[in-house]
Amino acid sequence: MPQDWHVMVDFKKRLGKKAVARPLNPLEIYDFLDRASDKGPLRPAQIAVVKEWNECRRNERDIIIKLHTGQGKTLIGLLILQSRLNEDVSPAVYLCPNNFLVEQTAIQAAEFGFRCVVATGDGDLPDDFIDGKSILITSVQKLFNGLSKFRLGPRSLPVGTIVMDDSHACIDAIRDACVIKLDNQHPAYAEILQLFGPELGRQGAGSYADVRQQKYDAFLPLPYWDWTDKNANVAQILSRHAQSNEVKFAWPVLKDRLEDCLCIVSGTDLEISPYLPPLHLFGSYDKAKYRVFMSATVTNDSFLVKGLGLSEDVIANPLMDRNEKWAGEKMILIPSLIDPAVDRGRVVQMFAKPVPGRKYGVVALTPSFSTCQDWKGYGAEVADKFRIGIYVERLKNGDCEKTLVLANRYDGIDLPDRTCRILILDSAPFSEHLFDRYAERCRGDSEVISIRRARMIEQGLGRSVRGEKDYCVIISTGSDLIKNIRTKQSRKYFSAQTRMQIEIGIEVADFAKEEIENSDYSKAVTSLLNQCLKRNQGWKEFYVDKMNKLLPKLVDTSMLGIFSRERTAELQYEKGDHNGAVETIQKLIDTSVTTDLERGWYIQEMARYIYPASQQKSNEHQINAHKMNRFLMRPRQGMQVTKVTLVAQRRITNVVAWVQKFETYEELSLSLENTLSNLRFGVEADVFERALNELGTALGFKCERPDKEWKEGPDNLWALRDNEYLLVECKSEVKLTRDSINKDETGQMNNSCAWFKKNYGGVQVKRIMIIPTKKFGTGAGFTEEVEIMREKNLQRLVGSARSFFLEFKDLDRKDLSDSKVH
């Protein structure tokens, strides 16, 4: 038979039926898909969501779909895209936060029978996608970059429908795509540092010296006035390096809007980032006919206002299955609540070692690669960002002998079922972005920062338990993390589901303490996690009973107004309406701000907005901002140093006030331990100095950080009593093996002593340098009497503080007498 001979039977003709329109109802589309045999009917939650979308909300341009993790958001998104293609609304794009999830989504789409194409790397967009024949599955980075194949501005490729999976993770990816980040070896880094050197020195003499020494934790923002005045110079520098990999992807996006950016310089790199992502340049997104955003039920969607340009109404009215209260089983264990001796080091020792023949994955999430070293020392594998997919695939294939450690990866990774039965959250997550680090330093106690921190923790908690029947033990360790999840003040920023799971974990810890007889607490932790892993019926029933007490889900809109006004003001400023931007922020302050730190932050924004219209008004605003929050930028002129003073009789009152701000001694202890754990060599300088400030405040002294607040002077200053002070220079990052104090370090102390004498005169002062060595190097020396605090005396200070506050454990903290405290 000839190879080209074939017969094509027209079965539709045989049926005698007319051609029928392609179905638009997602439920009908699902029935017609040629899906794999193990893909059964849709789940009730999926049916409820797609039914409401099709019948009630199909015509809405923007819509957020919220479902529990593992409830099938991906399939819902694909069904909606296919429905739009059947409606001749094309092309259709499914965006993932990273290429790892692109691959997973493409596999899932094929199993369900969708016609899809994938685009990764630098390749062109597939014709089948452009022609509306197939759904494109790609990463958010493919669309959002200055060299996007979707093109920019008026030339952007028209898109019918976009589905954005894991929208919060996509916000972070979009933000990264709009940032120019230069390490200190890039030639443009040195050029920009030289251009702004004098003003950076004014903004913090010690910090600028540390930046020049290339220290990671040292950073300074470029003042908006100097940045605006030298905008053209910056453009020339970056234009010369526009073809370098660090610049070329963001340069087309930022080159004509540098004045709308903030630049922050650290000792290791610098970042130039827009205050708002320029979403209007990405026309395929900005002008798409329909946009669908996937979000987990535990996340606060208020961030989507600024990150994705969504309206308050869209965020306040997500599409969700309101009958579902919770999904999956998480046993959150806090070993240090069972026994303080089971601290972070003990947890690492318990879970880092390889276990031959282990049938399930153990995964640890750490905030940075530097915190991975002890895990690695015990035999765990640390995944770099390029090989995460390989390591996760190993776990899925049953190769679970070694613990897998992921650094600063709290989203975009799915670890279902046996891939991860034990998840360790090691220490509190923090952002690597310089802007976030700057905002946290200036407004660390604000609700905005607290909600962002809670979101990162919840993203970490959500890496495991990816379905309704999935289960996992989550070990939480590290004093900073425990403080965030244990205290009521911090816990209120989590979702109701996460709060309940944490409360269950705290209750379980209390049960364990009651029933332990032989004080073998590590065995107690192992016994508890085995009750989850070995599916103890009593534990399962206890968990279900507690979780079923959750109230119906409510959308958290508490921050919507703040983020919306911030975005409005920024857009007004970009359009040249400087006075309008100032008025918008003033309304925000009047209606939503309750602390001086936050009020100062927003007044600095007002100063930035008005600068192009009136430099005098801008400086007046900046002076007021700095008076309220001295961690902000030092004004151009008019700043006066205010002496820190303490009346001796007030110290006891201050101690009592600090003790009484905690509801329980346990909360006091958690806060204190978080502070004391950072008073050791090896801790980043800023963290150490903040902890020393917190300790002084707890001990009743009046404290400040002149180098950060006044931009010159010592790291820490304590007012001990009338006209008696403690002046401290901290060198916590100096290695214990260092044999001498160098010339720069004694020079900083000498400058601090001169600053103190200038501003405080001849009052009594004890000068201390905290550093592991007491010998002087070549050319080093002090001009005043200085005492050295080395490791042994630092440990004595920490021990004495711990012993002092332990005295309050059994006291009635609501009825503390001055004599007792004294």
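User: How is the crossing of α22 and α23 handed, left or right?

Analyst: A crossing is left-handed if the near helix is turned anticlockwise from the far one by less than a right angle, and right-handed if clockwise; in this predicted model, the crossing of α22 and α23 is left-handed. Helices (H or I, at least four residues) and strands (E, at least two) are DSSP runs, numbered from the N terminus.

User: At what angle do α22 and α23 pack?

Analyst: Axes are lines fitted to C-alpha atoms, for helices over the stretch in contact, and angles run from 0 to 180 degrees between N-to-C directions. Helix α22 (residues 434-443) and helix α23 (residues 447-461) have axes 9 Å apart and pack at an angle of about 130 degrees. Angles under 35 degrees count as roughly parallel, over 145 as roughly antiparallel, 65 to 115 as roughly perpendicular and the rest as oblique, and α22 and α23 are therefore oblique to each other.

User: Which residues make the contact of α22 and α23?

Analyst: Contact means heavy atoms within 4.5 Å; here Asp 436, Ala 439, Glu 440 and Arg 443 of α22 meet Val 448, Ile 449, Arg 452 and Arg 453 of α23. Ala, Val, Leu, Ile, Met, Phe, Trp, Tyr, Cys and Pro count as nonpolar, Asp, Glu, Lys and Arg as charged, and the others, Gly among them, as polar; by these classes the contact of α22 with α23 has 3 nonpolar, no polar and 5 charged residues.

User: How do the axes of α4 and α5 cross?

Analyst: The axes of α4 (residues 73-86) and α5 (residues 99-112) come within 11 Å and cross at roughly 65 degrees, which makes α4 roughly perpendicular to α5. The contact is made by Thr 74, Leu 75 and Leu 78 of α4 with Thr 105, Gln 108, Ala 109 and Phe 112 of α5, and its residues divide into 4 nonpolar, 3 polar and no charged.

User: In what order do the 5 strands of the open sheet stand?

Analyst: Two strands pair if DSSP finds at least two bridges between them; the order here is β18-β19-β20-β21-β22, with mixed pairing. The edge strands, β18 (702-704) and β22 (787-789), each pair on one side only.

User: What should be kept in mind about the numbering and the model?

Analyst: Residues are numbered from 1 along each chain as its sequence is written, and side-chain values use heavy atoms, with hydrogens and water left out. In this predicted model local features need pLDDT of at least 70 and side-chain atom pairs count only at pLDDT 80 or more, while totals for chains, interfaces and linings use all residues.
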